[in-house]
Amino acid sequence: MRIPAHSVCTAIRDDIVAGVHERGSRLTEEVLARRYGVSRVPVREALRTLEAEGFVVTRRHAGACVAEPTEQEAADLLEMRMLLEPLGAARAAQRRTEAHLKVLRGLVRLGQERARRGNSDDLRSLGGWFHETLAQACGSPALTATLTQLRHKIAWMYTVEPTVGPVESWAEHGAIVDAVARGDGERARALAALHTERSTAAHRLRGTGGAGRPERVRSSQHPVNISGPRN
């Protein structure tokens with residue numbers, strides 16, 4: 001597999017998240033360079049970036065290895081997301097562009113249509129694009145980068161067993177976009193907080209916990225009315 005040198009970091013990160021490179025396994029520059037069809041220089045740079053992001057650690061006598069996050073570290077990520085995603089939605093309500101709204105509305109229409117038809121094959125990727133676009137709409141490169149990194153890490157550490165149906169989930173997406181379009185930052189924040197709490201409750205740590213099943217992440221839920229005028 002040959003990829004552009006500037007994409008090596010993304011490729012390695014994606015493979016770590018997908019489990020191609022297992023936790024604790026060594027990441028040898030020569031092997032990675034051969035796998036991705038590049039020289040060792042971009043691989044070395046990518047490993048430095050991934051170490052700064054927390055996906056890679058350097059161990060004495062072993063070199064670069066895939067990190068092995070603890071359960072507490074994993075739980076902290078979900079808590080951070082519960083705080084930051086509502087902030088991002090509130091900022092998006094004030095800073096979004098028409099281009100952002102066009103993409104968000106298009107994703108909501110497509111997601112709702114496929115959810116109604118029971119076509120769930122693409123819903124996860126559509127959801128990822130939705131949250132990525134919403135993060136970009138917040139107008140803060142630092143917050144956008146942090147939310148993107150959180151999504152990558154959470155996907156790496158958790159599996160998702162939805163507690164609500166896709167139709168309800170995409171209705172929540174649509175309500176968030178309506179609030180963002182109206183410039184209602186407080187409503188956008190409240191709706192995003194509810195959506196994030198429900199999503200958090202669906203996450204289970206990868207690997208087995210008690211009774212041979214991954215542990216469900218506990219979360220309180222506070223009712224928020226998502227009905228209202230749609231643009």
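# Close-up views of a predicted model

**View 1. His21 meets Tyr36 through a side-chain polar contact.** The distance between the two side chains is 2.9 Å; a polar contact here is a pair of N or O atoms within 3.5 Å, and within protein one must be able to donate a hydrogen and the other to accept it, with residues adjacent in sequence counting only if both atoms are side-chain atoms. This is a predicted model, in which local features need pLDDT of at least 70 and side-chain atom pairs count only at pLDDT 80 or more, while totals for chains, interfaces and linings use all residues. Residues are numbered from 1 along each chain as its sequence is written, and side-chain values use heavy atoms, with hydrogens and water left out. His21 sits in the loop between α1 and α2; helices (H or I, at least four residues) and strands (E, at least two) are DSSP runs, numbered from the N terminus. With a relative accessible area of 12%, His21 is buried, where buried means under 20%, exposed over 50% and partly exposed in between (1.4 Å probe, protein chains only). Setting aside residues up to four places away in sequence, His21 touches Ile12, Asp15, Ile16, Leu27, Leu32, Arg35, Tyr36 and Val66, contact meaning heavy atoms within 4.5 Å.

**View 2. Leu27 is one of the residues with the most contacts inside the largest nonpolar core.** That core has 34 residues, and Ile12, Ile16, Val56 and Trp156 are listed with Leu27 for having the most contacts inside it. A nonpolar core is a set of buried Ala, Val, Leu, Ile, Met, Phe, Trp, Tyr and Cys residues joined through side-chain atoms within 4.5 Å. At least two residues of this core come from each of α1 (8-18), α2 (29-36), α3 (40-53), β2 (63-66), α4 (71-95) and α7 (141-157). Apart from this core lies another, of 23 residues, including Leu101, Leu104, Phe130 and Ala181. Back at Leu27, and leaving aside neighbours within four places in sequence, the contacts are Ile16, His21, Leu32, Leu47, Val56, Ala64, Cys65 and Val66.

**View 3. His61 has a positive phi although it is not a glycine.** The angle is about 70 degrees. For background, most residues other than glycine have a negative phi. You will find His61 in the loop between β1 (56-59) and β2. At 78% relative accessibility, His61 counts as exposed.

**View 4. A salt bridge joins Arg40 and Glu29.** The N to O distance is 3.5 Å; a salt bridge is a side-chain nitrogen of Lys or Arg within 4 Å of a carboxyl oxygen of Asp or Glu. Arg40 belongs to helix α3 and Glu29 to helix α2, so the pair ties together parts that are 11 residues apart in sequence. Glu29 is buried, at 18% relative accessible area, whereas Arg40 is partly exposed at 44%. By the salt-bridge rule, the count comes to 13.

View 5. Arg117 is exposed at 66% relative accessibility, and Glu113 is partly exposed at 32%.

**View 6. Glu168 and Arg198 meet in a salt bridge.** The N to O distance is 3.2 Å. This pair links distant parts of the chain, with Glu168 in helix α8 (residues 166-182) and Arg198 in helix α9 (residues 185-201), 30 residues apart. Glu168 counts as partly exposed, at 36% relative accessibility. Elsewhere, salt bridges that share partners join Glu29, Arg40 and Arg44 into one network.

**View 7. Cys9 and Cys65 are both buried.** Cys9 has a relative accessible area of 15%, and Cys65 has 2%. A search of the whole structure finds 0 disulfides, a disulfide being a pair of cysteine sulfur atoms within 2.5 Å.
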